[in-house]
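This report works through a two-chain model part by part. Please keep the sequence and the structure in view while reading.

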Amino acid sequence: MEYTTLFDKIWDTHIVRKIEDGPNVLYIDRHYIHEVTSPVAFGNLEKRGLKVLRPEKTVATMDHNIPTLDQHLPIKDLLSRAQVQQLEKNCKNHNIELFDLKHENLGIVHVIGPELGLTLPGMTIVCGDSHTSTHGALGAVAFGIGTSEVEMVFGSQCIMQTKPRRMLISINGKMNKAVTSKDLILYIISQISSSGGTGYFIEFAGDTIRNLSMEARMSLCNMSIECGARGGLIAPDQVTFDYLKGRENSPKGEDWEKAVKEWSMLKTDDNAVFDKEYHYDAADILPMITYGTNPGMGIRITDRIPENITDDSFNNALKYMGFEKGQTILGKAVDYVFVGSCTNGRIEDLRMFAELVKGRRKAENITAWIVPGSKAVEKQAQKEGLVEILEAAGFSLRQPGCSACLAMNDDKIPPGKYSVSTSNRNFEGRQGPGARTLLASPLVAAAAAVTGVITNPADLF
Amino acid sequence: MSFEKFKNLKSTAVPLPIENIDTDQIIPARFLKAVERKGFGDNLFRDWRYEKSNDKNVSFVLNDEKYSGSILLAGRNFGCGSSREHAAWAIYDYGFRVVVSSYFADIFKNNALNNGLLPIQVTSEELELLMQTVNADPNKVIEINLEDQSIVVPESDFELSFEINSYKKECILNGYDDFSYLQNMLSDIEKYEQDRVATF
């Protein structure tokens with residue numbers, strides 16, 4: 001008998017055909033789409049005279065391009081408006097459920113999917129967006145694809161993929177004060193580099209992972225792509241079942257009992273062998289912050305920027321960011337704080353931010369954008385009184401969208417300005433041409449927002 | 001969508017020895033608002049090719065008249081970051097047909113192959129040698145043969161062979177796309193759906 005990993009079990013049971021010395025044809029249970037990577041795919045489908053094969057397995061949202069203020073008004077940017085209208089037209093034409101600007105469950109695709117119980121353990125899930133790996137937190141094989149692949153899924157509900165190799169990353173031990181799952185993943189990427197996972201699919205395991213909430217697991221899996229991996233997942237357990245119970249699209253009644261029984265079998269066999277393994281001790285992990293121009297260029301907030309790296313890309317990154325080798329980041333004045341994105345735009349992230357800023361005031365030099373990941377998160381924040389706490393501290397809650405993560409809408413960081421961001425990428429110009437992004441957790445972002453400088457949140461508790 | 005067949009290519013090359021070139025540099029997010037695949041070549045490496053004033057950045061290699069061709073030589077971990085296929089479109093629409101690097105990010109590699117843009121992975125030493133050859137003589141023509149899986153620099157003893165998945169090789173040699181392959185197996189896909197054991 002062959003011992004297999006969780007990833008193998010899900011992947012192998014979704015293979016429709018194995019092409020000799022070629023990719024697998026993989027069946028897709030859930031196809032999420034959004035307004036940026038779908039129009040050309042729909043256009044090509046129509047040129048071929050075809051309709052989407054399984055519209056009932058397709059879910060659409062608008063998130064990348066939309067404004068995060070005055071969403072009730074027509075979108076000002078004409079190109080953004082055109083893309084959004086194109087999605088509306090396409091969904092109507094192909095009978096696809098669309099979470100549009102008027103929908104009560106509007107939000108970022110990787111936030112609303114799990115919220116609505118549309119992502120379930122054991123599923124294969126794709127979307128034309130690299131942070132699709134988020135859904136791996138629920139024990140799904142979920143990964144990002146390009147527009148041509150979106151078109152393939154439209155036409156056949158399948159995709160052609162070479163099966164990635166299996167990587168295990170385990171973390172054990174109790175998390176230190178003020179450390180979040182965002183810090184765990186930033187630490188991992190700093191250790192294995194932004195290309196260390198290329199060609200692999202990661203399973204995250206270990207007691208530190210088991211003790212994470214579902215939202216914390218989502219933040220972690222979200223950034224699997226940032227170390228180059230195709231995706232990352234966490235085996236379902238009671239945390240997963242408790243999260244899913246009662247959600248709109250979760251199985252109900254007898255189906256629920258059956259489902260939990262099946263999902264409980266979704267785990268790696270004890271004797272299974274991974275192609276590569278990394279093991280970490282939670283005691284080594286402190287709040288993290290990035291200083292460079294890829295997510296792997298991160299340090300613990302109390303450490304100094306490395307001194308003895310000599311390659312050009314390191315030097316160029318420091319030049320772009322205005323930092324020096326060997327300098328500390330603590331105490332550095334910053335200009336913007338962005339809390340949001342599919343990485344850290346959920347209710348627990350807003351709670352963390354609110355808890356730290358409660359009773360304090362936003363620093364004068366800071367412009368803050370607090371963007372909930374969905375309408376549901378926004379409503380929950382209102383219900384819990386977080387909005388009052390934020391407003392008393394000088395912050396305000398905007399409306400849901402991808403916002404400043406990639407600055408396709410108006411939420412752009414000006415050139416040369418420093419932004420502490422709970423998003424997932426710090427590439428040159430990502431948040432606006434010339435913008436200087438420091439990736440961090442909601443607690444590090446909160447600490448910067450109230451002090452005006454990079455501060456260790458552990459010191460503020 | 002289907003693309004031109006690629007059998008072999010004889011061209012000069014453009015050296016871009018920067019590592020970790022991410023897809024936000026290849027095609028910045030603000031250009032993803034198009035609803036059609038048009039004009040992406042104009043915005044390839046936009047923020048490196050042009051200053052904020054919209055004047056050409058004369059120090060960027062694509063603006064250096066010495067270098068031209070359909071082959072791009074790029075530093076390791078090319079195409080990391082976002083899944084945007086627009087990056088592959090921009091490179092292809094600009095005029096490149098091959099990218100040679102010592103390491104490609106996964107999603108970008110797939111996107112390139114799906115668009116008839118050939119990503120060739122070589123060792124870092126081989127990449128360095130190619131970069132040096134082109135820097136020494138920008139008019140040097142490099143020959144790439146997909147059938148033989150070879151890169152040859154004529155009048156030198158530089159010759160190497162590269163790996164490529166044989167299914168993808170067939171597709172690119174013949175201009176086949178995966179979409180048609182999948183359409184031809186719809187009955188197998190329907191059978192799979194019927195046979196599935198999962199209850200939800």
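How many helices and strands does chain B have?

## Basis of the model

Chain B has eight helices and eight strands, where helices (H or I, at least four residues) and strands (E, at least two) are DSSP runs numbered from the N terminus. The model is a predicted one, in which local features need pLDDT of at least 70 and side-chain atom pairs count only at pLDDT 80 or more, while totals for chains, interfaces and linings use all residues. Residues are numbered from 1 along each chain as its sequence is written, and chains are lettered from A and ligands numbered from 1 in the order in which they are written.

## Chain B

The C-alpha trace of chain B spans about 60 × 45 × 25 Å along its principal axes. Of its 200 residues, 42% count as buried; a residue is buried if 20 or more other C-beta atoms lie within 10 Å of its own, exposed if 12 or fewer, and partly exposed in between, with C-beta atoms placed from the backbone. Among the contacts in chain B with a separation of 6 or more, 69% come from residues 24 or more positions apart, a contact being two residues whose C-beta atoms, placed from the backbone, lie within 7 Å.

B:Glu126 belongs to helix H5 (residues 124-136) of chain B. B:Glu126 counts as partly exposed because 17 other C-beta atoms lie within 10 Å. Its C-alpha atom is separated by 12 Å from that of B:Val152, which is 26 residues away along the chain.

## Where the chains meet

Contact between the chains involves 60 residues of chain A and 46 residues of chain B. On the chain A side, the elements that give two or more residues include strand E1 (15-18), helix H2 (39-47), helix H3 (78-94) and helix H5 (147-156) of chain A. H5(A) gives the most, with seven residues. By class, this side of chain A has 22 nonpolar, 26 polar and twelve charged residues; here Ala, Val, Leu, Ile, Met, Phe, Trp, Tyr, Cys and Pro count as nonpolar, Asp, Glu, Lys and Arg as charged, and the others, Gly among them, as polar.

The buried residues of H2(A) are A:Pro39, A:Val40, A:Ala41, A:Phe42, A:Asn44 and A:Leu45, and what covers them includes H3 and H5 of chain A. After H2(A) comes A:Gly49, whose phi is positive, near 75°.

## Two domains in chain A

Chain A is assigned domain 1 (1-286) and domain 2 (307-460), with bounds that come from an automatic or database domain assignment. The C-alpha centres of these two domains of chain A lie 24 Å apart, and the contact takes 33 residues from domain 1 and 32 residues from domain 2. On the domain 1 side, helix H4 (109-115), helix H6 (181-192) and helix H8 (214-222) of chain A each supply at least two residues. By class, that side has eleven nonpolar, 14 polar and eight charged residues.

## A strand covered on both faces

In a regular strand the side chains alternate between the two faces of the sheet. Strand E15 (residues 336-339) of chain A is covered on both faces, with A:Tyr336 and A:Phe338 buried on one side and A:Val337 and A:Val339 buried on the other.

E15(A) runs parallel to strand E16 (residues 367-370) of chain A, to which four bridges join it, and strands pair if DSSP finds at least two bridges between them. In E16(A), A:Ile370 is the bridge partner of A:Val339. E15(A) also pairs in the parallel sense with strand E17 (residues 418-421) of chain A over three bridges, where A:Phe338 stands opposite A:Ser421.
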